[in-house]
Amino acid sequence: MISEKRIIGFGDCDPAGVVFFPRVFEFAHSAMENWLREAGVYDEYFLNEEFAFPLISAQSSYYKPMHPGLEIEVRSSLKEMRESAFSLRTEFLNQESQLLAAVDTIHICVSREEGGKQPIPAYLRSILENL
């Protein structure tokens with residue numbers, strides 16, 4: 001599991017003062033990017049000439065509102081890994097560890113040249129298993 005703190009900004013919210021729903025997807029993706037950077041594989045993931053890892057499914061659930069100024073913890077973990085795909089779960093918790101929202105994503109490994117499914121490369125599989 002990886003974890004990072006974030007403070008909800010005024011610009012993250014809709015006119016009602018609650019986090020605008022697509023922002024949780026941005027927060028989840030940002031956490032993933034930070035994790036890949038820390039793991040030293042950011043370029044291999046996003047700029048790999050042989051493989052691409054498109055997102056094929058994204059789902060969110062909202063349990064409690066998030067308002068400007070709220071400090072949250074963003075936790076991402078590996079939910080499932082298959083030969084050519086993996087899924088991540090990102091949870092958003094308040095300081096009392098209450099679940100505020102969650103994002104589930106599925107990523108697939110494809111050949112850039114052929115476009116078909118490919119096994120997840122060993123370097124990424126190893127990093128994901130340690131997530």
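Modeller: Let's start with a term: a residue is called buried when its relative accessible area is under 20%. Keep in mind that this is a predicted model.

Biologist: Happy to. Which residues of helix 3 are buried?

Modeller: Helix 3 covers residues 122–129, and its buried residues are Leu 124, Ile 127 and Leu 128. They span an arc of only 100° around the axis, so they sit on the same side of helix 3. The general idea is that an α-helix has 3.6 residues a turn, so residues three or four places apart point the same way.

Biologist: And what covers the buried residues of helix 3?

Modeller: The cover includes helix 1 (22–38), helix 2 (42–46), strand 4 (71–81) and strand 5 (85–93). On the face turned away from the buried side you will find exposed Ala 122 and Glu 129.

Biologist: Now charges. How many salt bridges does the whole structure have?

Modeller: In general, side chains of opposite charge can pair when their charged atoms come close. Here a search of the whole structure gives 8 salt bridges. One of them joins Asp 104 and Arg 89, at 2.7 Å from N to O. Asp 104 belongs to strand 6 (residues 99–108) and Arg 89 to strand 5, so this pair ties together parts 15 residues apart in sequence. Asp 104 is buried, at 16% relative accessible area.

Biologist: Which residues are linked with Asp 104 in a network of salt bridges?

Modeller: Lys 79, Arg 89 and Glu 91 are linked with Asp 104 in that network.

Biologist: And how many disulfides are there?

Modeller: The count is 0 disulfides. As for cysteines, Cys 109 is buried at 1% relative accessibility, and Cys 13 is buried at 15%.

Terms used
Residues numbered from 1 in each chain as written. Predicted model: local features only at pLDDT ≥ 70, side-chain atom pairs only at ≥ 80, totals over all residues. Heavy atoms only, no water. Disulfide = S-S within 2.5 Å. Buried < 20%, exposed > 50% of the residue type's maximum accessible area, 1.4 Å probe, protein only. Helix = DSSP H or I, 4+ residues; strand = E, 2+ residues; numbered from the N terminus. Arc of directions from axis to C-beta. Contact = heavy atoms within 4.5 Å. Salt bridge = Lys/Arg side-chain N within 4 Å of Asp/Glu carboxyl O.
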